[in-house]
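Here is a short briefing to read beside the model.

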Amino acid sequence: MTSRRVAAWQLCLAAAPVIIGVYYLLVQAGLWPGAQVALYVSANATFAVAALVTARRHPSMRTIMLLLAGSAAAGVTGDVLFYFDALVHGEPPYPGVPDLFYLLAYPLMAVGMLLIVRRRTPGWDSASVIDAAIVAIGTGYLVFQFLIVPLVDFSDKFTSLVSVAYPVGDLMLIVVGARLMLGAGPRTTALRFFGGYLGLVLVADACYGYQTQAGTYQAGNVLDALWIGASFALAAGVLHPSAIKMVSTSHAATPDATPGRLAVLAIAAVTAPTSIVVQHYTGAEGHVVVAAVICILLFLLVMLRMAGLVQAQRHAAVTDGLTGLRSRRFFEQALGNQGERSVKSGVPVSVLLLDIDHFKNVNDTYGHNGGDRVLVEVTHRLRELVRPGDVVARYGGEEFAVLLPDTMPEQAAEIAERIRRGVSAAPIAVDESRLHAVTVSVGVAGMPAAGTTDELVLAADRALYAAKNAGRNRVAGVA
């Protein structure tokens with residue numbers, strides 16, 4: 001029997017409850033403060049080492065991982081300086097040198113995550129930007145109202161500035177984290193670990209800020225478990241085999257509007273008005289003007305997002321998902337319009353129907369991935385071979401249609417022959433190492449020879465079958 005090797009990311013997950021358990025045993029017993037600090041710091045140190053290992057393992061992620069390792073190292077340095085000062089001199093001064101390192105960790109982490117975002121969606125993913133803005137503004141209002149405003153003390157501006165910098169840092173992570181988690185791209189296990197880390201850290205930081213203001217915070221409480229668990233979770237994430245997929249470019253134009261996504265956006269959108277209601281009934285002092293501005297912004301962003309969803313649905317209705325060509329539905333509508341124009345004014349219109357020869361053999365031999373590669377490449381060649389203004393659509397599984405406005409059948413036959421030769425000019429890669437020669441058969445028909453658009457399509461279809469029956473890899477339809 002062969003023993004199964006335990007992966008490094010699994011060790012990180014297993015270590016987290018052990019470290020947390022031993023840490024709290026020492027805290028409750030009041031033993032070995034130095035060991036308590038070492039256990040607490042070990043979480044961020046583990047994450048820093050994990051990020052460095054991943055930087056070495058995946059050179060394409062090196063800059064990202066070095067930034068994340070730098071963030072963890074800043075946190076470790078801050079913890080060591082803080083607890084050393086506390087153990088040696090008692091209560092450390094605030095603000096102090098450790099705060100410099102604690103605050104440095106925020107931008108390093110944010111920039112690292114932003115680089116992941118840019119790698120996943122290099123273009124302008126407007127839907128994700130709007131989603132992230134809704135979450136960031138909704139959450140940001142809560143941070144402003146309950147964490148930043150109570151910390152502002154005009155009598156001690158420097159201390160107030162440092163105190164406010166912490167929730168601002170959390171807000172920075174919220175903005176970039178929302179963009180990362182809500183953006184398009186593969187939803188890998190490593191990304192989920194990232195989401196877990198952000199959730200744990202932001203909850204812990206918010207609770208810490210609230211407890212500090214209320215004067216109820218005590219070192220060694222449950223928040224330490226959240227911080228420790230978060231760092232071990234992120235260490236597991238960067239060591240997970242799917243970490244490299246986090247920076248894979250998304251092939252989706254926009255992320256899907258899933259029920260979970262819509263629920264998150266709905267919760268974020270109602271945070272400000274809900275907060276106003278709570279403040280009204282509790283008698284707490286609210287910032288009505290700020291809340292009103294936030295509500296207006298959220299309303300406008302939600303409307304903009306809904307408009308984008310409607311546009312995306314309309315686009316999806318007339319676009320083939322695999323090839324990006326027009327759908328059969330769009331083609332038939334365009335053909336109807338051109339047919340009416342041809343009947344009224346007598347201008348010619350032609351149609352090509354083309355079929356990939358022996359496409360079933362491609363799927364049987366190379367699998368559906370190989371077949372999809374052929375469809376995508378044939379699409380690419382078709383776009384280059386037709387004229388501006390011609391409508392190219394995916395008509396069926398391996399069948400394509402081309403609408404040629406203001407085109408006589410003889411001219412359409414010349415275009416069909418150009419397409420036939422262009423598609424077969426070079427073999428198509430069906431996987432990373434194999435090529436396959438692809439040909440097409442083309443049927444041509446035109447109006448006004450065909451009386452109606454239905455007759456036009458039937459004529460092109462008959463011509464296509466004639467080309468296939470004549471041996472394939474040829475054009476038929478014009479005498």
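Leaving aside neighbours within four places in sequence, Asp 131 is in contact (heavy atoms within 4.5 Å) with Leu 182, Arg 261, Leu 265 and Arg 305. Asp 131 sits in helix H5, residues 126-148. Its relative accessibility is 0%, so Asp 131 counts as buried; buried means under 20% relative accessible area, exposed over 50%, and partly exposed in between, with a 1.4 Å probe and protein chains only.

This is a predicted model, where local features need pLDDT of at least 70, side-chain atom pairs count only at pLDDT 80 or more, and totals for chains, interfaces and linings use all residues. Residues are numbered from 1 along each chain as its sequence is written, and side-chain values use heavy atoms, with hydrogens and water left out.

**Helix packing: H7 and H8**
- Helix H7 (residues 189-214) packs with helix H8 (residues 223-239) at an angle of about 160°, and their axes are 8 Å apart.
- Axes are lines fitted to C-alpha atoms, for helices over the stretch in contact, and angles run from 0 to 180 degrees between N-to-C directions.
- H7 and H8 are therefore roughly antiparallel (over 145 degrees; under 35 is roughly parallel, 65 to 115 roughly perpendicular, the rest oblique).
- Helices are DSSP runs of H or I with at least four residues, strands are E runs of at least two, and both are numbered from the N terminus.
- Residues making the contact include Phe 193, Phe 194 and Tyr 197 of H7, and Leu 226, Trp 227 and Leu 234 of H8.

**Nonpolar cores**
- A nonpolar core is a set of buried Ala, Val, Leu, Ile, Met, Phe, Trp, Tyr and Cys residues joined through side-chain atoms within 4.5 Å.
- The largest one has 41 residues, of which Phe 47, Met 65, Leu 68, Met 109, Met 113 and Phe 194 touch the most other members.
- H1 (8-29), H2 (33-57), H3 (62-89), H4 (97-120), H6 (157-182), H7 and H8 each supply at least two residues of this core.
- Another core, of 27 residues, lies apart from it; among its members are Phe 359, Val 378, Val 402 and Val 442.
- Not counting residues up to four places away in sequence, Phe 194 touches Leu 68, Met 109, Met 113, Ile 116, Leu 180, Leu 234 and Met 246.

**Positive phi in a loop**
- Arg 472 lies in the loop between helix H15 (453-469) and strand S7 (475-476).
- Arg 472 is not a glycine, yet has a positive phi of about 70°.
- Arg 472 counts as partly exposed, at 28% relative accessibility.
- Asn 473 is also found in the loop between H15 and S7, with a positive phi near 55°.
- Asn 473 is partly exposed, at 29% relative accessible area.
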